[in-house]
Amino acid sequence: MAVPGLAGHVISPFVGKTYGMQMDIYAKRLKDIEKKLENPDISKDQRGKLLSEWMDLALERNDYVKDNTENVD
């Protein structure tokens, strides 16, 4: 989950520049998978693999956010 707007600017001194870069990487990878899922011609098996990959990546991103923001008050 990305930190929007003002909260993103407030939190950046605490989580660092690499946090924003990593979140951009996660967003791009998730968007790439979503684009592939939009294709109506992919097989059911391939769709399942893509959905699984998307879920794994989303959970990884959420863990990354939690690990980097749990000490920011």
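This is a predicted model: local features need pLDDT of at least 70, side-chain atom pairs count only at pLDDT 80 or more; totals for chains, interfaces and linings use all residues.
Colleague: Thanks! How many helices and strands does the protein chain have?

Modeller: Helices (H or I, at least four residues) and strands (E, at least two) are DSSP runs, numbered from the N terminus. Here the protein chain has three helices and zero strands, so reading along the sequence gives the pattern α-α-α.

Colleague: What share of the 73 residues of the protein chain counts as buried?

Modeller: That share is 21%.

Colleague: Which residues make up the largest nonpolar core?

Modeller: A nonpolar core is a set of buried Ala, Val, Leu, Ile, Met, Phe, Trp, Tyr and Cys residues joined through side-chain atoms within 4.5 Å. In this model the largest one has eleven residues: Y19, M23, Y26, L30, I33, L37, I42, L50, L57, Y64 and V65. L57 counts as buried because its relative accessible area is 4%. Its C-alpha atom is 7.2 Å from that of L30, although L57 and L30 are 27 residues apart along the chain.

Colleague: Now the charges. How many salt bridges does a search of the whole structure find?

Modeller: A salt bridge is a side-chain nitrogen of Lys or Arg within 4 Å of a carboxyl oxygen of Asp or Glu. The search finds three. One joins D32 and K28, with the closest N and O atoms 3.1 Å apart. Both partners lie in helix α2, four residues apart, about one turn of the helix. D32 is partly exposed because its relative accessibility is 33%, whereas K28, at 52%, is exposed.

Colleague: And how far apart are the closest N and O atoms of E34 and K31?

Modeller: In that salt bridge they are 3.9 Å apart. E34 and K31 also both lie in helix α2, but three residues apart, about one turn. E34 is partly exposed at 30% relative accessibility, and K31 is partly exposed at 48%. For K49 and D45, the N to O distance of the salt bridge is 3.5 Å. K49 and D45 are four residues apart in helix α3, so about one helical turn separates them.

Colleague: Which residues gather in a patch of negative charge on the surface?

Modeller: Patches are made of residues with over 30% relative accessible area and no salt bridge, with like charges joined within 9 Å and nonpolar side chains (Val, Leu, Ile, Met, Phe, Trp, Tyr) within 5 Å. Asp and Glu count as negative, each charge being placed at CG of Asp or CD of Glu. Here the patch gathers E53, D56, E60, D63, D67 and E70. Of these, E70 lies in the segment after α3 (44–69).

Conventions
Residues are numbered from 1 along each chain as its sequence is written. Side-chain values use heavy atoms; hydrogens and water are left out. Accessible areas come from the Shrake-Rupley method with a 1.4 Å probe; for residues, only the protein chains shown count as cover. Buried means under 20% relative accessible area, exposed over 50%, partly exposed in between (1.4 Å probe, protein chains only).
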